[in-house]
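Work through the exercises below with the sequence and the model side by side. Try each task before reading its solution.

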Amino acid sequence: MIKSNSGIRKTDVINRRMFIIGAAKVVVFTGIIARLFSLQINENKKYLTLSDKNRIREWKLPPTRGNIVDYFGNVIAGNLKVYQLHIIPEQVENFNYLLVRLKNLLNLSDKRIARINKLKAELKPWDSIIVSENLSWSQFVKINNYLYDLVGVKPVMTISRNYPFNDVYTHVLGYVSQPNEQEILENEIIQERFVPGMKIGKLGLEKRLENYLIGTNAIQRYEVNAYGKRINQLEHQKGVQGSKIRLTVDTEIQKACGELLNEKAGSISVMDIYTGDIIAMYSSPSYNPNLFLFGISQDEWQLIRNNPLKPLINKTLSGLYSPGSTIKPIVALSALENKVIDTKFKVKCTGKMELYGQTFHCWKEKGHGWVSLKNAMKQSCDTYFYEVARLLGVDRLKITAEKFGLGKKVLGEYFDNEKKGLFPNTKWKKNNLGKGWVLGETLITGIGQGYTQTTPLQLCMMTAQIANGGFAVKPKIIVDSNPISYEDAKQSMESGLLFDTDSEELLDKKLFKNQKNIKIVQEAMFASTNERFGTSYKSRIDDPRYQFAGKTGTAQVKRISKRERELDLELEQIPYKDRDHALYVAYGPYVNPRYALSIIVEHGGSGSKAAAPIAKKLFKLIIDRHDLRNKQSNFERITV
Amino acid sequence: MFQHDRLNNEITLFQKIKNLDYILLISVILLSVLSIVVMYSTDGGEILFHTKNHFVKLAVFFPLMIFVAFFNIKFWHNFSYIIYFIVILLLVYVSFFGIKSSGSQRWMDLYLFVLQPSELMKVAIIMCLAKYFHRLKIENVNSFTSITIVLSIIIIPIIFVISQPDLGTSILIALSGLIILWLGGMKIKYFIYSFITFLISLPFIISFLKPYQKLRILTFLDPDRDPLGAGYQIIQSKIAIGSGGLNGKGFLKGTQSYLDFLPEKHTDFIFTLFSEEFGFIGSVGLLILYSIIIFRIIRIGAISRSNFARLFCFGYAFAIFIYIIVNLSMVLGLLPIVGSPLPIMSYGGSSMLATMIGFGIVLSAKINHKQMIA
């Protein structure tokens, strides 16, 4: 009985204690459910987001660059479908065999093979290796024919930049290529949109307008597993192509410039004298920007780099030349404006001028005799301008030259390689060379030699501003959102006011004190081209439709010694490096002028022989395309 | 009265089948089916290795449970010490000749499957202590001798298991043992004192932990300190459960598991996958199913006439409860990561074997609930 009693007591203890535990269990279970509730119901959104972040990965695809078109809408920088070859290592059965096959099919170099092997070691097995960025069509067909034997190889079609006119626009557009680390870091938009294989503008407008041209990435979303392998493709988000940009240039004229400067070093610029539109801007020699798209070969690069005619330099914007006699219209204008001379003022040219024991020669050894402004300009008499410059002084000359755009950047905001050149005065010399100005330097400045340095585009703008009657133009190469017609521009100029589309203000753009003076200079330039004994008389066009006025220039690159002057060598007898630069500035048609141009042929000899004939050929084309261009002005408005 | 009870010794097979607890049985079957369904999902919706093996194990161990149930509870009482002793021997064997895997030595190769004796100890210790307290007079429960003996019974296997090393299982064994001590009538103040002592000595215990164990505790306290390393499992587990929401992502649609973000999804983190696919509703449903099982076991204990059966059932019910709580707390980020499977659901033969044997003994207690044991 005692035993059973104890057993019952024990049972009671067990039951009582079980009850306590049971209660505890209920509490704990409730706690677990509360936790589940908090995770799954209260914080569901947060964890759902985290789960999506885990499983969804986005792949950005390279954005498609915007097209650049010329004034007539012809694509000058576009996009082209290219064929690429990718290998997906995890799908390859025998990697070495595949490489041998590809090497034979595509003539891959050993270096390329080594590079592929290196990439294979670095990348995940499901990441594709790009074997060839740009297969030719025949290679692409060949690969497709042998595809059954090339397991793990994927021919891919993608889009790449293309310059259909090859070297015609290189110095305007620049080119695109793979960005380096610094370029990615410097530009936030590139940083954000960068994907391997993407190309960015390296030079010219491609670089300057990068943020407009770049476009947005297409995005592919994939579901990935914990190791990053793609499992499913989810939705695809299309990218937006970069902005289309319309330039003011005319491809036909630009092409003609290239042909006229063929195998010469030099530059041609053409500008609308009222709107400031740059019609052509060609620096010769040029090079093919398409070579840079997929990495230029070392041989081709050396060929460009070592070319003595220096194709890499944009001569239009960064070439600095003495303006030579092309400065004479400005000297004449400045003298007239400052009332130092008038049309009746005459100087006797004896072929040289003595000043403080130094002799200053005229190009014509025998001298021109008594010359007035018109004759001096026509025959480009140096003695006359020595005397005018002496009377005028360099400081007053500089004021006029600066007004007409010398010593300042023309398109500064668009091209970082543009140089501003130099127009000296006494103060400049004191500050920069620490020496006082010498009167002899005024004389040579008066014929465009000495310290003066100008870019071909500056000379073109200077000529344009003389041609339009002495009004400031705002040169541009991109068609504005609100393009001003030439009639409007002309009208507002002639009323003395010009509407600035950027600041939306009416500005006084008058560069002269007396418009008569401009007229005198224009007439002198006309005589220089269209009257007998004019320096560019041989290059004139009599048809008034094409008739133009201009000024030749011959810029010495070294001092002519007495001996050389006596020898009077023919061009071919002088070493190339020592030959004079040939220059020519002109505008036309003479009645109702529309266009100004500047031509420079490096080491071309005299301006009248080497540069002016080019203008004759070009003007016909420019004027012929004028009507076409006029019709085109209401062409769809494409903006940046 | 006694006479009548003795006659019960001879109940027929038909009566045994009739006396089985069908609610418990159906719950276990439901759980088994569910476990195969979930295992099928861990295999990515295909019948692969884990699904096949899990099914085979269930097909072997479920009949084993019935087989165990058909032995009289008295038989299990009689053999309790021996079974405990045999499992101790297995632990000794494993600590010398066991198979090593990922740094610990817990398994022995039995050709057909690999046995983890420490899992069996979870049940054996309950049997052994239930028998000891069954025989112990209530007056002697708190005597020095008995306390020494029961503590030795608990500590000896724990020493072996902890040296494998396997902290999770040893904690579960200790808790299973302690619950019998509690139920057996050991003074409450002893529990309070030891708990206080444990809390005070906790810093010292932690200093004795292995570096990886310390790391687990640190990770538990702040999973974000190393989200791709030590904290990865718990972060991914919480993401999976939390993203399940009310209804879950749907069967075979759990992205966290399907895309391999979940570690150990077949074993310790099986609940995570279940919860991701079936949501809050499914998880609560699973907890209800477990609760039914626990409740039925407690009820069987309550109607048992012998204190051995009563202690075993109560103890085993608590043990199952603890396994579930430890596993769920771990995957829900409430406890540090200690290896502890979810009964029946998790992949793993030894755990299932032990659980099924436990259920078998419970069912035997049910069949023979009127059986007195001297």
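Predicted model: local features only at pLDDT ≥ 70, side-chain atom pairs only at ≥ 80, totals over all residues.

Residues are numbered from 1 along each chain as its sequence is written, while chains are lettered from A and ligands numbered from 1 in the order in which they are written.

**Exercise 1. A helix in chain B**

Find the span of helix α14 of chain B, and state whether its residues are largely enclosed.

Step 1. Helices (H or I, at least four residues) and strands (E, at least two) are DSSP runs, numbered from the N terminus. Helix α14(B) covers residues 307–331, 25 residues in total.

Step 2. The expected span is 1.5 Å times one less than the number of residues. For α14(B) that gives 36 Å, and the helix reaches 36 Å from its first C-alpha to its last.

Step 3. A residue is buried if 20 or more other C-beta atoms lie within 10 Å of its own, exposed if 12 or fewer, and partly exposed in between; C-beta atoms are placed from the backbone. In α14(B), 23 of the 25 residues are buried, so the helix is largely enclosed by the rest of the structure.

Step 4. Look just after the helix. There B:G333 takes a positive phi of about 80 degrees.

**Exercise 2. Strand partners in chain A**

Which strands pair with β8 of chain A?

Step 1. Two strands pair if DSSP finds at least two bridges between them.

Step 2. Start with β1(A), residues 56–60. Five bridges join it to β8(A), residues 219–224, and the two run antiparallel. A:E58 stands opposite A:R221.

Step 3. Go on to β9(A), residues 230–237. It pairs with β8(A) over five bridges, again antiparallel. Here A:E223 has A:N232 as its bridge partner.

Step 4. Inspect the link. β8(A) and β9(A) form a hairpin with five residues between them, and A:G228 in the turn has a positive phi of about 90 degrees.

**Exercise 3. A sheet in chain B**

Give the strand order of the open sheet of three strands in chain B.

Step 1. The order is β1-β2-β3, with antiparallel pairing.

Step 2. The edge strands are β1(B) (99–101) and β3(B) (114–115), each pairing on one side only.

Step 3. Two bridges join β2(B), residues 104–109, to β3(B). B:D109 stands opposite B:V114.

**Exercise 4. Where the chains meet**

How many residues does each chain bring to the contact?

Step 1. Two residues are in contact if their C-beta atoms, placed from the backbone, lie within 7 Å. Chain A gives 37 residues and chain B gives 36.

Step 2. On the chain A side, the largest share, 22 residues, comes from α1(A).
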